Amino acid sequence: MKRKKWLLGAGVLLVMTAALILTKRWKPNSVAAGRYPVQGIDVSHYQGEIDWKQIEAQGIDFAWIKATEGSSYVDEYFQANWKAAEQTALYIGAYHFFSFDSDGGTQADLFIRTVGDLSGKLLPAVDVEYYGDKRNSPPDKEAVIRELKEMLERLEAEYQVKPVIYTTYSVYKKYIRGDFSDYPLWIRNVYVPPGPSVRDWTFWQYTDTAVLEGYEGSEKYIDRNVFRGTKEELKEMLVSP
């Protein structure tokens, strides 16, 4: 009887813990992420125009700024935030939101035209995640791999570096794992730290509900990330002049 009560209690505790994590009322990631000294953020038009010196003063070391999406969209705040962030000591980089409905080459061309020279900046990053109805109706795997490879190879030819791939667990398992193992991985898991099912990661987005001072966009939250290494090692992730 005692064992049954113990198992029942343990089961209730597990359910309650899972509920707290899923509703983001308890955030074990914040503790785990604190073990990594190099902290960063990623932003888009949702944060609006940003006071980058104020961001830097809050212990942030690096930032990725959304530049483009698909084959035609340019983030309306990219240029202003890019120029302002350049006036700080932050390591900054630009990222592209990958479209499953657009040619990989034209997406790369848009990013290159918009961002231009990346000398001394972080490697270009490509955000590959489900949007709209794609989670319920996943695109064809071969087609996605083909177009993503086209984009990554075009960026690599332009900048002479391997771009970073940002992705979620579900997209990683379906499209990324096994086909893009030589690209640095930026994994998103806002509930628990990355587990053994994910190969060695370089960056980890550990929360999408952080709050910092220094931005007044439509979104009060900001994404927080860590780098798996030292600040000196982060320099190795910069594009050479």
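Here is a short chat about some strands and a helix in this predicted model.

Visitor: What makes β4 "largely enclosed" by the rest of the structure?

Guide: Count its residues: seven of the seven in strand β4 (residues 91-97) are buried, so the strand is largely enclosed by the rest of the structure. Buried here means under 20% relative accessible area.

Visitor: Which residues of β4 point which way?

Guide: Tyr91, Gly93, Tyr95 and Phe97 point one way, while Ile92, Ala94 and His96 point the other way, and all are buried.

Visitor: Why is a crossover called right-handed?

Guide: Look with the strands pointing away from you: the crossover is right-handed because the path from the first strand over the helix to the second runs clockwise. β5, α6 and β6 make a right-handed unit of this β-α-β kind too.

Visitor: How do you know that both faces of β6 are covered?

Guide: Val164, Tyr166 and Thr168 on one side are buried, and so are Ile165 and Thr167 on the other. Five of the five residues are buried, so β6 is largely enclosed by the rest of the structure.

Visitor: Which residues stand opposite threonine 167?

Guide: Valine 128 is one of them, and isoleucine 187 in β7 is another. β5 and β6 run parallel, joined by four bridges, and β6 and β7 pair in the parallel sense over four bridges. From β6 the chain crosses through α7 to β7, in a right-handed β-α-β crossover.

Visitor: Which residues of helix α7 are buried, and what makes you say they line one face?

Guide: In α7 (residues 169-176), Tyr169, Val171, Tyr172, Tyr175 and Ile176 are buried. Seen down the helix axis, these buried residues fall within an arc of 160 degrees, so they line one face of the helix. What covers them includes β5, α6, β6 and β7.

Key
Residues are numbered from 1 along each chain as its sequence is written. This is a predicted model: local features need pLDDT of at least 70, side-chain atom pairs count only at pLDDT 80 or more; totals for chains, interfaces and linings use all residues. Side-chain values use heavy atoms; hydrogens and water are left out. Buried means under 20% relative accessible area, exposed over 50%, partly exposed in between (1.4 Å probe, protein chains only). Helices (H or I, at least four residues) and strands (E, at least two) are DSSP runs, numbered from the N terminus. The arc is that of the directions from the helix axis to the C-beta atoms. Contact means heavy atoms within 4.5 Å. Two strands pair if DSSP finds at least two bridges between them.
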